[in-house]
Amino acid sequence: MANSKTNEESARIELANRVFFRLYQCANMLHKTGTKAVEAEGLTTQQWAVLGALSRPAATGGMSVGDLARYLKVSRQNLSGLLSRMERDGRIQTAADERDRRSRLVSMTTAGLRVWQHEALPKIHGYYAQVLEGFSVNDITHTLHYLLKILENMQEVDERQGGGDEAVSEL
């Protein structure tokens, strides 16, 4: 019985290693191939993520830098440089939050919205179609379900580790 449990735990660890290595590879390939999909628009996958976050109905009035960092699961420090470049390129703007003058709100500019809606999104949708070739709607639903479950568990681990805005991911 103990040997069966040991074998099951070994198999579980081996499978976990494979899952997380594949997630790592997918993240790297997303950065590589996703950036190529939108590079003609002067975007990277990181900028794509920012514009996508700001294009949501929930972000209509803009998002604070802290809320944007939390939404994207990155540190404020890593987001800061990216936002500066995007503001310099005219894709986003920052302004003082009327409700909290210490906070800065980030929103898309008219030019950023045009690039997002008319240039980037069609290419992003084409990219999705290529990457999800052979996936049924059911396959995509299940993949999303399991990724969300992993993300929730990772967030719980982060909270147990102290959470906060430490360097989460580099942009």
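## A tour from pocket to patch

Begin by selecting Arg12, Leu15, Ala16, Val19 and Phe20, the residues that line the second largest pocket. A pocket here is an open set of points on a 1 Å grid over the protein atoms alone, where a 1.4 Å probe fits, with protein on both sides within 12 Å along at least five of seven lines, and its lining residues have an atom within 4 Å of a point. The space in this second largest pocket comes to about 210 Å³, a volume being the space filled by probe spheres set on the points. Its lining divides into four nonpolar residues, no polar and one charged.

Before moving on, note that this is a predicted model, in which local features need pLDDT of at least 70 and side-chain atom pairs count only at pLDDT 80 or more, while totals for chains, interfaces and linings use all residues. Residues are numbered from 1 along each chain as its sequence is written, and side-chain values use heavy atoms, with hydrogens and water left out.

Next, select lysine 123 and glutamate 41, whose side chains meet in a salt bridge at 2.8 Å, N to O. This pair links distant parts of the chain, 82 residues apart, with lysine 123 in helix H5 and glutamate 41 in the loop between helix H1 (2-38) and helix H2 (45-54). A salt bridge requires a side-chain nitrogen of Lys or Arg within 4 Å of a carboxyl oxygen of Asp or Glu, and by this rule the count comes to four. Glutamate 41 counts as buried because its relative accessibility is 8%, whereas lysine 123, at 36%, counts as partly exposed; buried means under 20% relative accessible area, exposed over 50%, and partly exposed in between, with a 1.4 Å probe and protein chains only.

Arginine 88 is exposed at 60% relative accessibility, and aspartate 89 is partly exposed at 37%.

Finally, select Tyr128, Val131, Leu132, Phe135 and Ile140, which make a nonpolar surface patch of about 410 Å². Such a patch joins nonpolar side chains (Val, Leu, Ile, Met, Phe, Trp, Tyr) within 5 Å, using residues with over 30% relative accessible area and no salt bridge. Within this group, centre the view on leucine 132, which is found in the loop between helix H5 (110-131) and helix H6 (137-160) and counts as partly exposed because its relative accessibility is 32%. Helices are DSSP runs (H or I, at least four residues), numbered from the N terminus.

Note on methods: Patches are made of residues with over 30% relative accessible area and no salt bridge: like charges are joined within 9 Å, nonpolar side chains (Val, Leu, Ile, Met, Phe, Trp, Tyr) within 5 Å. Accessible areas come from the Shrake-Rupley method with a 1.4 Å probe; for residues, only the protein chains shown count as cover. Helices (H or I, at least four residues) and strands (E, at least two) are DSSP runs, numbered from the N terminus. Ala, Val, Leu, Ile, Met, Phe, Trp, Tyr, Cys and Pro count as nonpolar, Asp, Glu, Lys and Arg as charged, and the others, Gly among them, as polar.
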